[in-house]
Amino acid sequence: MLQATQHVIDVPSSKLEAQAKYFTCPPWAAKPKQEWYLDVRKGETSIGQQRIDSDPYYLFGRNVNICDYVLEHPSVSRVHVALVHHHSGSVFLIDLDTKYGTLVNKKRAPKLEPVKLQVGDSFSVAESSREYFLMCPGCTVASTESPKDREVTPMALSTKPKGLSDAASTIISVTKKAPRPEDTASKEGEEETPAAKKQRTTDPVELPSAIECSHIVLKHNTCANPVDRSRLPITRTKAVATSMLDRFRQEILAVADVEDRMDALARKAKMVSDCPDTCKKGGSLGYVKKGQLPDSLERAAFALAPGELSEPVETPMGIHLIMRNA
């Protein structure tokens, strides 16, 4: 059971329990006393705002069950970045040891180290084109400066709290995978042999055990259950359903940006998909493992790279388009 120490007393227990594996609220964190939000921009256009002034910290990433704000770009890590409010009034960003990193004001942020943000600073995650600008109505850059900020240094990450492993810190809990023998070039002082190099470079690529997907399905009059999501009979033929999905696919692929393409599929799924369980969620299937989808749909889905959209795929349920989100 997590103890409600002073620096986490304002964090809901359900949030702490869900996120404890990925992040531990640091002792210098505090619930903000001013209004803070992120202005989300795509190019020069503001496309929304995200409030970040209710809790001492917020997590951003792809994992819908862990993160406070879900980012859909396939290059984003499941738990990618944390924003933490300091008790002095400052705001800090921490990249959670991600593969594709985080940019602060267009410059690469160090991993697992707090980086102080000023009002008006921006950050972007992985290969996403969206930028997040830190905003505080009534704040100025000077008002976010404090001598107390020096408490937040990389050295603060070295103290291990009770109950966490040696790989954990007061801020982050990170599990490092041990390198595979084939991933290490050689033992110290030895060169990799040609045979070892050939073996390492010709090994088959290991396919993911689970992928995140969304889909659109159109039923037809000869499918297994020819009724739409309103329980009305389906009269369209298989050829018509396929032709409709071909057109939808071209419309979605005409969107250049991957995130916008995912949004386009989600909007279309809400409008036309005949799957009552996923249409309200924008066609999201969540994370699926092998054996959970019909064979033809599974083969198509696991052959996709993140961000790719399949051709129409037939299953007993109907005709599908499936997109791999991650």
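**Entry 1: helix H3**

I looked up which residues of H3 are buried in this predicted model. They are Ala241, Met244, Leu245, Phe248, Arg249 and Ile252. I then checked where they sit around the axis. They cover an arc of only 140 degrees, which puts them on the same side of H3. An α-helix has 3.6 residues a turn, so residues three or four places apart point the same way.

What does the face turned away from the buried side of H3 carry? I found the exposed residues Ala239 and Gln250 there. The buried residues of H3 pack against E12, H4 and E15.

I also checked the length of H3. At 1.5 Å a residue, its 16 residues should span 22 Å. The end C-alpha atoms of H3 are 22 Å apart, so the two values agree.

**Entry 2: helix H4**

Next I took H4, which runs over residues 258-272. Its 15 residues should span 21 Å at 1.5 Å a residue. I found its end C-alpha atoms 21 Å apart, which agrees.

Which residues of H4 are buried? I listed Glu259, Arg261, Met262, Ala264, Leu265, Lys268 and Ala269. The buried residues of H4 pack against strand E11 (130-135), strand E12 (210-218), helix H3 (238-253) and strand E15 (318-324).

I looked at the start of H4 as well. There, a side-chain oxygen of Asp257 comes to within 3.0 Å of the backbone nitrogen of Glu259.

**Entry 3: His73**

Glu259 came up again when I turned to His73. His73 touches Glu259, and also Arg62, Glu127, Ser128 and Val258, leaving out residues up to four places away in sequence. His73 sits in the loop between strand E4 (69-70) and E5.

Is His73 buried or exposed? Its relative accessibility is 8%, so His73 counts as buried. Its side chain makes a polar contact with the side chain of Ser75, at 2.7 Å.

**Entry 4: His85**

His85 is in strand E5, residues 81-85. With a relative accessible area of 2%, His85 is buried. A polar atom of the His85 side chain lies 2.5 Å from the backbone oxygen of Ile52.

I listed its contacts beyond four places in sequence. Among them are Trp28, Trp36, Ile52, Asp55, Tyr58 and Val91.

**Entry 5: nonpolar cores**

How many residues are in the largest nonpolar core? I read off 24. Trp36, Leu38, Ile52, Phe60, Leu83, Leu93 and Phe123 touch the most other members. Several strands each supply at least two residues of this core, including E1 (37-42), E3 (57-61), E5 and E6 (91-95). Strands E9 (115-117), E10 (122-125) and E11 are also on that list.

Leaving aside neighbours within four places in sequence, Leu83 is in contact with residues including Leu38, Ile52, Phe60, Leu93 and Phe123. I also found a second, separate core of 16 residues, which includes Val11, Phe23, Cys25 and Phe92. In soluble globular proteins, nonpolar side chains tend to be buried together.

**Entry 6: Glu308**

Glu308 is in the loop between helix H5 (295-302) and strand E14 (313-315). Glu308 is partly exposed, at a relative accessible area of 38%.

I checked its partners. Beyond four places in sequence, Glu308 touches Ala303, Ile322, Met323 and Arg324. Met323 is 15 residues from Glu308 along the chain, yet their C-alpha atoms are separated by 5.7 Å. A polar atom of the Glu308 side chain lies 2.9 Å from the backbone nitrogen of Ala305.

**Entry 7: the whole chain**

I ended with totals. The protein chain has five helices and 15 strands. Of its 326 residues, 45% are buried. Among contacts with a separation of 6 or more, 54% join residues 24 or more positions apart.

How far is the model to be trusted? The mean pLDDT of the chain is 79, and 76% of its residues reach 70 or more. Over residues 1-6 the pLDDT is below 50, and this stretch has five contacts beyond near neighbours in sequence. Residues 196-206 are also below 50, with four such contacts. I left the details of both stretches alone. Where pLDDT is low, the predicted coordinates should not be read in detail.

Key:
Residues are numbered from 1 along each chain as its sequence is written. This is a predicted model: local features need pLDDT of at least 70, side-chain atom pairs count only at pLDDT 80 or more; totals for chains, interfaces and linings use all residues. Side-chain values use heavy atoms; hydrogens and water are left out. Helices (H or I, at least four residues) and strands (E, at least two) are DSSP runs, numbered from the N terminus. The expected span of a helix is 1.5 Å times one less than its number of residues. Buried means under 20% relative accessible area, exposed over 50%, partly exposed in between (1.4 Å probe, protein chains only). Contact means heavy atoms within 4.5 Å. A polar contact is a pair of N or O atoms within 3.5 Å; within protein, one must be able to donate a hydrogen and the other to accept it, and residues adjacent in sequence count only if both atoms are side-chain atoms. pLDDT is the predictor's confidence in each residue, from 0 to 100. The arc is that of the directions from the helix axis to the C-beta atoms. A nonpolar core is a set of buried Ala, Val, Leu, Ile, Met, Phe, Trp, Tyr and Cys residues joined through side-chain atoms within 4.5 Å.
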